[in-house]
Amino acid sequence: MPSTLFALLALCASVFADHEEDHELIEVHASGTTNPSKLFWKVMDLFEERAHQNTRMTYRAVGSSTGQFEFSGVLNGNVSQSAFGAGDIPMTQANYDRVTIGGGRTMLHVPFAVGAIAIFHSVPESELGGKPLDLTGCLLARIFLRNITTWDHPDILAANPDLTVPPNRNIMVGHRTLGSSSTSGTTEYLKQNCPQYFTVEPGSTIDWPADTTAVQGSGGMASFLGTTDYAIGYLDAGQGNEIGLSEIALQNKDGVYLSTKEADIGAAATAAIAANVLPATGDLSFANVNLYDQSGADTWPITLMSYFYIDQDQRAYGQAGYLTKAFVDYILSDEGQSLAQDFGFVPVPAAVKTYNDASLGTILYNTSATEYTFESSTQKGIGAGEFVISSKRRAFGDVERDLLNDEITKLSERIAVIEAGASTVTLHGSGTTNPSKLIWKTMSLFETQALLPLHLSYRAVGSSTGQREFIGADNGNMSYTDFGCGDIPMKAADYQYYATTGREVVHIPFVMGAIAVFHSVPLGELEGSPLDLDSCLLARIFSRDITTWDHPDIIARNPNLNVPANQPITVVHRVKGSSSTSGFTQYLTTACPAQWTLGTGSTITWPADTVGAQGSGGVSDYIQANPYSISYIDSGHGHNLNLGEVSLQNADGNFLDSKSANISRAGAEALKLNILPTDAGSDWSAVNLYNLPGADTWPIVLFSYFYVERDIKRLGQTGEILKALIKYLLDNADLLAEFRFSPVPSAVYDYNINTLNSIVVASNATEMIFESAASTQSGVGAGRYTISGKRRDFGEVTTTEQEATLTSTDSDITALTARIITLEIQQNELNSCSCDKYDDTRVSNTANAALGLAVISLVLLLIMALVMCCYMCGGSSSKSHDKASVGMDSKIEGSKAESVASQSIPGGSKQELV
């Protein structure tokens, strides 16, 4: 009996011991920098929720210096008081020696995030001249140490010629009080960049000049800059940009002025790896490591890395050592780095990840401990393991927070919709000038045809400005507009920057346009033949390898060309940024790289003996006024003015002009050749439609794009108006033709519809529908969310009638012109006749009378057309009339050019018909 009892007691003790082991508390406690504290607390909460074991994890946000102090074990016999430390600065040499020499420990620096310190100011925007405030490191050093004390100092004005501050306006310098890694980073950068002016020793605290202002903490600096005019100070870039402070454009090592929103913050870390700034291995001293003033065109000069401080030997920590490893691994994982971005951090670049992998691979763990694994998707049986951290486990508090966030989002959407329903719905965009008249007319039609009160606007400011305002980098990463528009896709750097702000942009190509080459070689010297040129001849002409029209290679291509000997070719090009220049130079690079060596872009360095002209109008004016000129211009613009067009050789070897070419085919070929991304939300920077195959394909074709955020719930009903606007433009080819644009081909149309369907709008917004002018939908057409072609205003009706009358008048003028020429011919024949049987005088008088009546009729029609043109351009004061008639310019110019042109009259005379 006693033996049985002892056996039972032993069994119970064994079970109890196993039970106690299963419920052993695994603890990890750490301390350090405050910057990532929220990120750490969130991840630690997740671990405690997701772990099978009983775990407890804490992090004390005490600052980098205290984190180092406690990790080095100053008060604990050089034994760490924390499982790991964290800091925005490397371990000082004294602390590193205390760990390694004093404590006999080996420690690792593991960089887990990259951050930037930016310089912010409060100079009024109206005094900046629409430009950023540019400063070099030396100007900053002189400002902070009070060598420069006023904003109108000559050296500041030399760097900022558009700055118009009041005379002798004092610069108010703010600096952090107490120890600060921001102060350390800023002063160490200034000492490294400009030691001749920054003459004090850098550090987390320094002796600042007496006439500067001390502020406590990041919040104190933000408040100082936000409430003090003409101030300057340093602050974590993310915090300053989040609250909308104005940032200085700082010159980097490559001489480029840029802000943190334009820079690639992670590039400094990549450059540091390449330059061997980091020690060969992570266990060596990092005391002299910094990322200040690294090379690279888009590198930010004041960049910091945040570090884990970890003991290489984790054996004494038992199972907790593997819990620390799991925590560090998660922070460095794709999921953890994405989460870090939510807290304002920039992920470490790939080169740093590789460096970290090598360091973490050297850590020693207790052989009796078990490594943790992660379950993201369900792993039957495995996910229930004791050492699995499973995302399938959650705490109700976490779920409740997500539910509350969802409810807040829904309430925000409902408020946006309610506000939209209670007032006018607005839609604002900006971008390229090319389709501006098309967009204005469509917006005017929407305002007229919608029952819902609408106010739609579009600023024609150019593709680059449209992209910049859509991205909103200088607006706290909030778009200035509801959409952007451009003739060029977003550059890769802009696309990537936009993605880092947590937003996704889609490109929607909605019309196609052509760039053509026009010339002013007199028609008589072409002898009825087109002027044929291939891409290489164009490249040689525009780079001035060929300078005369009778060059043998031009004559070989155009045997009927009969120009004067050694007649110079005058090359005209656009000045300032131009999507036409960008498209034309990219075409030459694509089609004839051997001959075109001047590069590509919206502006390039042209040969000195070429002529610069401003805008399409400046180019066309020059060509019209100067014989033997040549240039590139939007094809519709050139056709409206009846300029002579070069017949260009396409990829299939066929010579054709843009009038006879199929402009849309380039889009279909691009889709067929997988030039377009499979997803409209991908990077489009490499997309171009130059020199694509097809017998009638035009070789220089551009898409015009809408730039739209994939998730537009924040826009409320405006999001549905935007989708309707894009759909209307895609569906109305006749409207596009009116402005000399070509529609996208059917395959690209289907691609765009899929993109529109993927755009996320507010759940309470209502889709807009259309009622055409030709088909009444009883009841439906009267709905609040119907855009009805049955609704019109008088200005739009009058404009349409005037268009029809002008077209009819144009036809009458053409017919009368032909009649006058016929009568002239008949009169000349009669005057030369010597037959006695005709009464020459009577017949001549009759012919002269008919001719006179025809001329009088023609003059009256021309006067009527002129009056109508004046009325249409300025006679109506209604808003809708103004918008509806903006597209008439090209039609009027075209008909005047064709009908009022000089006509050669038989008999040797040349009569001007105006």
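In this predicted model, Glu469 touches Ser430, Arg459, Ser479, Tyr480 and Thr481, leaving aside residues up to four places away in sequence. With one of these, Arg459, Glu469 forms a side-chain polar contact of 2.6 Å. Glu469 lies in helix H16, which spans residues 463–471. Its relative accessibility is 14%, so Glu469 counts as buried, the limit being under 20%.

| Disulfide | S to S distance |
|---|---|
| Cys138 to Cys194 | 2.0 Å |
| Cys536 to Cys592 | 2.0 Å |

The torsion about the S-S bond of Cys138 and Cys194 is about 105°, and the disulfide is therefore right-handed. This pair connects distant parts of the chain, 56 residues apart: Cys138 sits in helix H5 (residues 137–144), and Cys194 in the loop between helix H7 (181–193) and strand S7 (213–215). Cys194 is buried, at a relative accessible area of 0%.

The link of Cys536 and Cys592 is right-handed, with 105° about the S-S bond. Here too the pair joins distant parts of the chain, 56 residues apart; Cys536 belongs to helix H18 (residues 535–542), while Cys592 is in the loop between helix H20 (579–591) and strand S21 (611–613). Cys536 is partly exposed, with a relative accessible area of 30%, whereas Cys592 is buried at 3%.

Cys485 also counts as buried, with a relative accessibility of 0%.

Terms used. Residues numbered from 1 in each chain as written. Predicted model: local features only at pLDDT ≥ 70, side-chain atom pairs only at ≥ 80, totals over all residues. Heavy atoms only, no water. Helix = DSSP H or I, 4+ residues; strand = E, 2+ residues; numbered from the N terminus. Buried < 20%, exposed > 50% of the residue type's maximum accessible area, 1.4 Å probe, protein only. Polar contact = N/O pair within 3.5 Å; in protein donor to acceptor, adjacent residues only side chain to side chain. Contact = heavy atoms within 4.5 Å. Disulfide = S-S within 2.5 Å.
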